[in-house]
Amino acid sequence: MGEQFEALNQRYQEVVSRIEQAALTCGRNPADVELVVISKNHPASMVLDLISIGARNFGENRDQEAAPKAAEVSAVSTAEITWHFVGQLQSNKVKSALSYAKVLHSLDRDSLLKAVVKATQDSQKPLDVFIQLNLTDDPGRGGIRPVELEPFAEKVLAAEHLNLLGVMGVASLDNPPAQDFETIRRASEALRKLSPESRFISAGMSEDFEEAIAFGATHVRVGSAITGKRQY
Ligand SMILES: *Cc1c(COP(=O)(O)O)cnc(C)c1O
């Protein structure tokens, strides 16, 4: 095994143990926090290396990049992995994205909901979705405003082939992460009043996943802390 593989393995193991430690520190069960490795801007070969190390959940934010990568991985590996789509999704890319992604973290507007409902109308198994919250004042950042969560969630819950897992957020940089994670946690509480099963929280990235876990994150999306710097 090469040096690069060893370094990747080390970074991965370190993040896994930091997640465990963060969960234990706040009295949570480490098994209740799922690591989604964000593989964007890295090749299929790195995903295969991560599979050999034990990673099973991968996230991507651009369909143009993810579709061929997912195909390349599934041509070589028989491991049961799950692709998560975590980026802003254009309605015309929904069909392609849902051909590999089994979890959509970024459901954030009526037009996208409409496209997702259409794309899943014949599916056997419901699609797992998170509603993405916008934690900034900039509507261009994607996500719905926390005050609009409940009416939007009602529409998602009414969709037959969607399984609403919970809420997702990206810390805004406008506020301290703790403030955003608290906003997400409160939104999750409000959602659980409508739908007790929709209890999951997708929050936390390389810089802030431990803090997100303290605020209840159940899915952390960690890229560069595992993959190293992305090449643009
Ligand atoms: C890129 C990305 C991540 C991972 O970011 P890192 O800082 O590299 O851990 C998480 N979530 C989303 C939505 C992303 O686009």
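Mentor: Start with V103: its bridge partner in strand 5 is D128. Strands here are DSSP E runs of at least two residues, and helices are H or I runs of at least four, numbered from the N terminus.
Trainee: In which sense do strand 4 and strand 5 pair?
Mentor: Parallel, over three bridges, with strand 4 covering residues 101-107. Pairing requires at least two DSSP bridges between the strands.
Trainee: Is this a predicted model or what, and how are residues numbered?
Mentor: Predicted: local features need pLDDT of at least 70, side-chain atom pairs count only at pLDDT 80 or more, and totals for chains, interfaces and linings use all residues. Numbering runs from 1 along each chain as its sequence is written, and side-chain values use heavy atoms, leaving out hydrogens and water.
Trainee: Back to strand 5, how many of its residues are buried?
Mentor: Seven of the seven, residues 127-133, so strand 5 is largely enclosed by the rest of the structure. Buried means under 20% relative accessible area, exposed over 50%, partly exposed in between, with a 1.4 Å probe and protein chains only.
Trainee: Which residues sit on each side of strand 5?
Mentor: L127, V129, I131 and L133 are on one side, with D128, F130 and Q132 on the other, all buried.
Trainee: And the chain overall, how many helices and strands?
Mentor: Nine helices and eight strands, and 48% of the 232 residues count as buried.
Trainee: What does the C-alpha trace span?
Mentor: About 50 × 40 × 30 Å along its principal axes.
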